Structure formats: C-alpha cells, structure tokens
Amino acid sequence: MKFSTKAIHAGQPADPATGATIVPIYQTSTYTQDGIGQHKGYEYSRTGNPTRQALETCLASLENADYGLCFASGTAAADAVMKLLNPGDHVVCADDVYGGTYRLFELVLKRYGIEYSWIDMTDAASVKSAMKPNTKMVWIETPTNPLLNLVDISAVAALAKASGAITVVDNTFASPYLQQPLALGADIVLHSTTKYIGGHSDVVGGFIGTSNSGYLETIKYHQNAVGGVPGAFDCWLTMRGAKTLAVRMKQHCENAQRVADFLVDHEDVEKVVYPGLASHPQHDLAKRQMSGFGGMVSFVIKGGEQAARAIANKTKLFSLAESLGGVESLIGHPATMTHASIPVDEREARGITWGLLRLSVGIEDADDLVADLEQAFAAARQEAVPA
Ligand SMILES: *Cc1c(COP(=O)(O)O)cnc(C)c1O
C-alpha cells in the first residue's frame with residue numbers, strides 16, 4: 001500500500017466487536033478477563049490500549065517501521081529513547097535541536113551521567129571527529145528550527161553505524177510524508193505528533209518508530225515502567241489528523257513556496273530561508289533527502305527588532321503563537337519567543353537575529369496568506385515612518 005492509503009487504513013480495520021468503521025475511543029483503564037490470565041491481549045491501559053495500538057500501527061506503517069510506540073508528548077518520546085543509554089554513555093547531538101530536547105538532555109539527563117557533544121551537524125564529517133569510545137547515540141534533527149538547517153541523514157547514519165552508535169532522527173519538521181529516516185539508515189525515528197501528524201493544533205503527542213526489536217523492547221519496557229502514555233481520545237484525534245497528512249503536506253509545501261517566493265521579491269526583506277529556494281545552502285540535499293520542502297519559512301526583516309515586532313503584531317491570518325504544523329498559519333519571533341532563553345551572543349552567532357521571523361504556513365488559500373503578509377508589511381512600514 002502507498003502512503004495515503006496506509007494513513008487511512010493501516011491498523012484501522014472495522015471494529016471486531018461492533019463493526020464500527022472508525023476505530024472507537026476505547027475509554028477504559030482496565031479489561032475484564034475471562035479467567036485468571038485469560039484476556040484478549042489487554043490488561044491495563046498504561047501497558048496497552050486498542051485505540052493507541054491502532055495509532056501506533058498506522059504511524060509505524062507511514063515511517064516503514066516494523067514497530068511504533070506512542071507517548072503523551074514528543075518530549076516523553078525523546079525521554080523514552082534516551083532510556084536506551086546508561087550512565088557514562090556519550091551522545092553526539094546537533095547544536096540547534098528543539099529547545100525542549102536540549103533542556104531534557106542538558107538540564108535533566110546529564111544529572112544521570114549522560115554526556116553530550118553539541119556540534120554543527122550540517123557538516124556530516126564533523127560527526128566523525130566528535131565520536132568518542134563511549135559514544136552510543138547520534139541525535140539528528142532535520143530540518144531544524146527556526147533556521148531550517150539540514151543534516152545529511154544517510155551520511156551521518158553511516159558514520160554512526162561504523163562506530164556502533166544508534167542513530168535517532170527527530171522527523172517532526174518534515175513529517176513522514178516528506179522524509180523517511182529509517183530508509184536512509186537511521187535506527188529510530190521520532191515525532192512530536194503535536195505538529196504535522198496531528199495537524200490541527202488540538203492535541204499533544206509523541207511517537208517513535210523502529211525496525212529493531214531490541215530497541216523496541218527496551219523502550220516499551222520503560223514506557224510501561226515510567227508511564228508517559230497518551231490517552232485514548234488523544235490517540236483518536238491524532239489518528240484522525242494523520243488520515244489527511246498527505247493532502248495537507250502537499251498544500252503546506254505549495255503554500256510555503258508561494259510565501260517564500262513573495263518574501264524573496266519583497267524590498268523590506270533581507271533574507272529568506274526555505275529549503276525549496278535555490279539560495280538555501282543545502283537545497284541540493286533537500287532535493288535528495290526530502291520529497292518536498294515543508295511548510296516552515298523563516299525570514300529576516302530589514303529594520304531589526306522593531307520591524308519584526310510590528311509585522312508579528314500586524315498579521316491577521318498568521319496568528320502570533322508558538323508551535324507549528326497545524327492547518328492554520330502561525331507567525332513567531334524566535335528571539336523573544338521560542339529561543340529567548342539562549343544567551344544573546346550565542347543566539348546571534350547562530351543566526352537567530354532580532355529581525356528573524358518564523359512562519360508555519362498553513363493550508364488556507366495562498367492568495368489570502370500573501371495578502372495578509374502584504375498588509376502587515378505595509379502597516380509596519382507606516383509605523384516606522386517618524387511622525
Ligand atoms: C515540538 C517539538 C518537540 C517536542 O514535542 P512536544 O510534543 O511538544 O513534547 C520535539 N521536537 C521538535 C522538532 C518539535 O518541534
């Protein structure tokens with residue numbers, strides 16, 4: 001089966017008990033047993049729940065993974081993956097990963113004896129020099145937030161494999177529709193399903209997929225022992241979102257390209273970052289590794305913080321909000337919002353300047369999105385004119 005078909009059918013046969021066409025929300029914590037030890041595969045919903053299992057099967061199929069596990073959030077999924085490690089193990093990690101991942105690694109798990117090297121992974125060769133005898137994992141995120149840097153998954157996974165390290169890819173920004181890391185050599189793929197997979201900004205969740213039964217068993221053991229599982233209704237909402245992932249992603253890509261082209265031509269814009277632009281430093285890698293360029297666009301406005309604030313305040317369709325990947329368009333100012341906790345010098349050095357704005361381009365009509373930006377630019381300009 002191909003992608004769109006799997007999104008709608010994988011793990012979702014008619015309900016065996018009632019014939020319900022849509023997988024029911026099994027809102028139950030426990031399961032009545034026929035006799036002691038005689039049950040239908042479910043005993044308690046932390047350990048397993050039919051609605052959750054349907055979602056796990058569906059998402060695993062989208063990533064071409066043999067196994068999938070769902071979590072209460074993307075962050076809970078990341079924490080569970082890290083339970084593959086022991087004190088004294090070392091992780092090589094891209095230096096511009098999601099802020100919550102950085103916090104989990106540096107401020108929580110470091111206390112339990114995990115060591116990290118944070119490197120610029122846009123140069124795959126830098127991974128080789130960062131490997132140590134105790135390196136057990138290489139953590140990739142591509143494209144990254146908000147600068148949309150890409151990591152060459154197959155090159156890095158090959159280097160990791162040569163040293164016996166596990167390659168993990170946070171595939172949240174691309175979604176399985178645009179990028180499939182396991183096929184490129186990664187061992188584990190991770191998602192915040194809160195973003196594109198759920199797709200409607202109404203549920204928080206996480207997922208990991210792998211075809212390695214050993215990793216699956218260890219992570220599943222810890223999932224049950226630690227307990228960061230999603231509820232049945234959250235799984236149901238996520239599964240409902242995933243059904244339309246393919247059509248949504250096509251529209252996200254088309255709209256984002258339209259918006260990027262508009263920004264490139266605008267005289268108030270200093271720089272546009274979108275993997276679909278020939279000017280993106282890794283455009284060739286994007287074409288090789290992804291089947292589309294995604295819905296995220298970042299740009300630098302001339303006039304620094306004042307101009308950026310004015311535009312973020314003036315858009316009407318683009319809501320000023322954190323998060324991404326929903327059907328509705330969002331605008332964010334990384335320097336004061338998602339990346340405010342990074343020290344200014346480090347932030348500037350990474351390119352997260354005061355004039356940088358990040359768009360999560362939704363699937364509204366592209367004409368309306370461009371018109372909204374146009375009016376925001378005009379209004380911001382008006383504000384910049386001294387009285
Ligand atoms: C949002 C996000 C996460 C964390 O997911 P939550 O569901 O918010 O816990 C991890 N990685 C990336 C790339 C994200 O965008």
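A polar contact is a pair of N or O atoms within 3.5 Å; within protein, one must be able to donate a hydrogen and the other to accept it. The legends below use the term in that sense. The model shown is predicted.

**Figure 1. D268 and R381 meet through their side chains.** A polar contact of 2.6 Å joins the two side chains. D268 lies in the loop between α10 (245–265) and β8 (269–273). D268 has a relative accessible area of 13%. The cut-off for buried is under 20%, so D268 counts as buried. Beyond its neighbours within four places in sequence, D268 contacts I301, K302, F377 and R381. R381 also belongs to a network of salt bridges with shared partners, which joins E267, D268 and R381.

**Figure 2. E383 and K314 link distant parts of the chain.** The two residues form a salt bridge, with the closest N and O atoms 2.9 Å apart. E383 sits in helix α14 (residues 366–384). K314 sits in helix α12 (residues 304–314). The pair is 69 residues apart. E383 is partly exposed, at 43% relative accessibility. K314 is partly exposed as well, at 25%.

**Figure 3. Domain 1 and domain 2 in contact.** The domain assignment gives domain 1 as 3–242 and domain 2 as 246–384. Their centres, taken over C-alpha atoms, are separated by 27 Å. Domain 1 puts 34 residues into the contact, and domain 2 puts in 38. The size of an interface is often given as the accessible area lost when the parts come together. Here the two domains bury about 2800 Å² between them. Carbon and sulfur atoms carry 59% of that area. On domain 1, L150, L178 and Y196 supply 27% of the area buried against domain 2.

Figure 4. Which residues form a salt bridge with N and O atoms 3.3 Å apart? D152 and R288 do; 3.3 Å is the distance between their closest N and O atoms. The count of salt bridges between domain 1 and domain 2 is one. Polar contacts between the domains join 16 residue pairs, both residues at pLDDT 80 or more. On the side of domain 1 that touches domain 2, four helices each supply at least two residues: α1 (3–9), α6 (153–162), α7 (175–178) and α9 (232–242). Helix α7 gives the most, with three residues. By type, the residues of this side are 16 nonpolar, 14 polar and four charged.

**Figure 5. Two further salt bridges in their surroundings.** A search of the whole structure finds 13 salt bridges. One of them pairs K40 with D34, the closest N and O atoms being 3.9 Å apart. K40 is exposed, with a relative accessible area of 69%. D34 is exposed too, at 62%. In another, the side chains of K83 and D79 meet at 2.6 Å, N to O. Is D79 buried or exposed? D79 is buried, with a relative accessible area of 18%. K83 is partly exposed, at 26%.

**Figure 6. The buried side of helix α4.** Helix α4 spans residues 99–108. Its buried residues are G100, T101, L104, F105 and E106. An α-helix has 3.6 residues a turn, so residues three or four places apart point the same way. What covers the buried residues of α4? The cover includes α3 (74–82), β2 (90–94), β3 (115–119) and β4 (135–141).

**Figure 7. D89 in the loop between α3 and β2.** D89 is buried, with a relative accessible area of 8%. The side chain of D89 reaches the backbone nitrogen of N86 at 2.8 Å. Which residues does D89 touch, not counting those up to four places away in sequence? They are G113, I114, E115, N134 and K136. D89 and Y116 are 27 residues apart in sequence. In space, C-alpha to C-alpha, D89 and Y116 are 8.6 Å apart.

How values were computed: Residues are numbered from 1 along each chain as its sequence is written. This is a predicted model: local features need pLDDT of at least 70, side-chain atom pairs count only at pLDDT 80 or more; totals for chains, interfaces and linings use all residues. Side-chain values use heavy atoms; hydrogens and water are left out. Domain bounds come from an automatic or database domain assignment. Contact means heavy atoms within 4.5 Å. Buried area is the accessible area (1.4 Å probe) that two parts lose on being put together, summed over both. A salt bridge is a side-chain nitrogen of Lys or Arg within 4 Å of a carboxyl oxygen of Asp or Glu. Ala, Val, Leu, Ile, Met, Phe, Trp, Tyr, Cys and Pro count as nonpolar, Asp, Glu, Lys and Arg as charged, and the others, Gly among them, as polar. Buried means under 20% relative accessible area, exposed over 50%, partly exposed in between (1.4 Å probe, protein chains only).
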